[in-house]
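The model is a predicted one.

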Amino acid sequence: MPWPPAEAPLDVELTRAFTSRLPGGRVAGPLRAYRSLTSTQTVARAWSAEGAPEGAVVLADHQTEGRGRRGRRWTAPRGTALLFSVILHPALTLARWPEIPLAAGCAVAEGLEAVAPVSAKLKWPNDVLVDGSKLAGILAEGAAGIAPHVVLGVGVNVSQRDADWPTDLAGRARSLAGLGLTVSREELLTAILARLDVWYGLLHGGFEPVRNAWRQRGLLGLRVPLAEGEGTSVDLGPGGELVVQRADGRHERLVVPTDDRQDRARARVS
């Protein structure tokens, strides 16, 4: 894909509005904003291939092919969601890359709480919930090689109405407006990036601070489908894996690859 993508001209007004609110730090720009894109993830990956610096942000008012994990579609009417991707160059081994979306979950939760009177919870591996409903999602896609990088995508439901949800999300997803809260997308982006800068930095010193913070917010005790049967989530492991207890007492540890090209990898332990 050429850069800038011919299908989506840069929107100068939107770029200026969001750039003026960037908090500074390691993961806060440069920013390019568009009225409509196929996917911020796709465009960010193309920009990264052209040499975009760490912290570069791609933001869209609307996505025509927005996606979540396992190829699930992420849909939202134009202008109703905060949709952005951040390019990261983590100084971490590839084995630690799955920790990045967990740190991002802590950042999104804290960013939401900084601008709205909500109590955010985390559902492994990539959902942010408020009052039991999904308010935000996170997708990390990595590429190794000469210039390894991770593209971290975030989508937050801001002003959708109940009638806006597709059938598969009706009753399971909510927006800030649906909770009776009015928050600007610019203010929300500022808060999330400020907290992401903190958690991304802490992650480079080790996973334990992220793990402890996630455990305080994480929803455990949930039923989890396994290759054979199901189990109950009981903990977050030292490498970001979800520890699931089977009915017979044995444990399985689930890991989500950051390139998202595989299903959950399972390693059974006693």
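## Strand pairing and the sheet

Strand β2, which spans residues 57-60, pairs with strand β3, residues 81-88, in the antiparallel sense over four bridges. Within this pairing, V57 stands opposite V86 of β3.

Both strands belong to an open sheet of seven strands with mixed pairing, whose order is β1-β2-β3-β7-β6-β5-β4. The edges are formed by β1 (31-34) and β4 (120-123), each of which pairs on one side only. On average, and with direction ignored, neighbouring strands of this sheet are turned by 20° against each other.

## Helices on the sheet

Helix α1, residues 12-19, packs on the sheet and touches β1, β2 and β3, with its direction at about 135° to that of β1. Helix α2, residues 40-49, lies across β1, β2, β3, β6 (133-143) and β7 (149-157), and runs at about 25° to β3.

## Nonpolar cores

The largest nonpolar core holds 63 residues, of which L82, F84, L112, L188 and L189 touch the most other members. Helix α3 (residues 99-115) gives the most to this core, contributing 10 residues.

For F84, when neighbours within four places in sequence are left aside, the contacts are T40, V57, V58, L59, L152, G153, V154, L189, I192 and L193.

Methods: Residues are numbered from 1 along each chain as its sequence is written. This is a predicted model: local features need pLDDT of at least 70, side-chain atom pairs count only at pLDDT 80 or more; totals for chains, interfaces and linings use all residues. Side-chain values use heavy atoms; hydrogens and water are left out. Two strands pair if DSSP finds at least two bridges between them. Helices (H or I, at least four residues) and strands (E, at least two) are DSSP runs, numbered from the N terminus. Axes are lines fitted to C-alpha atoms, for helices over the stretch in contact, and angles run from 0 to 180 degrees between N-to-C directions. Contact means heavy atoms within 4.5 Å. A nonpolar core is a set of buried Ala, Val, Leu, Ile, Met, Phe, Trp, Tyr and Cys residues joined through side-chain atoms within 4.5 Å. Buried means under 20% relative accessible area, exposed over 50%, partly exposed in between (1.4 Å probe, protein chains only).
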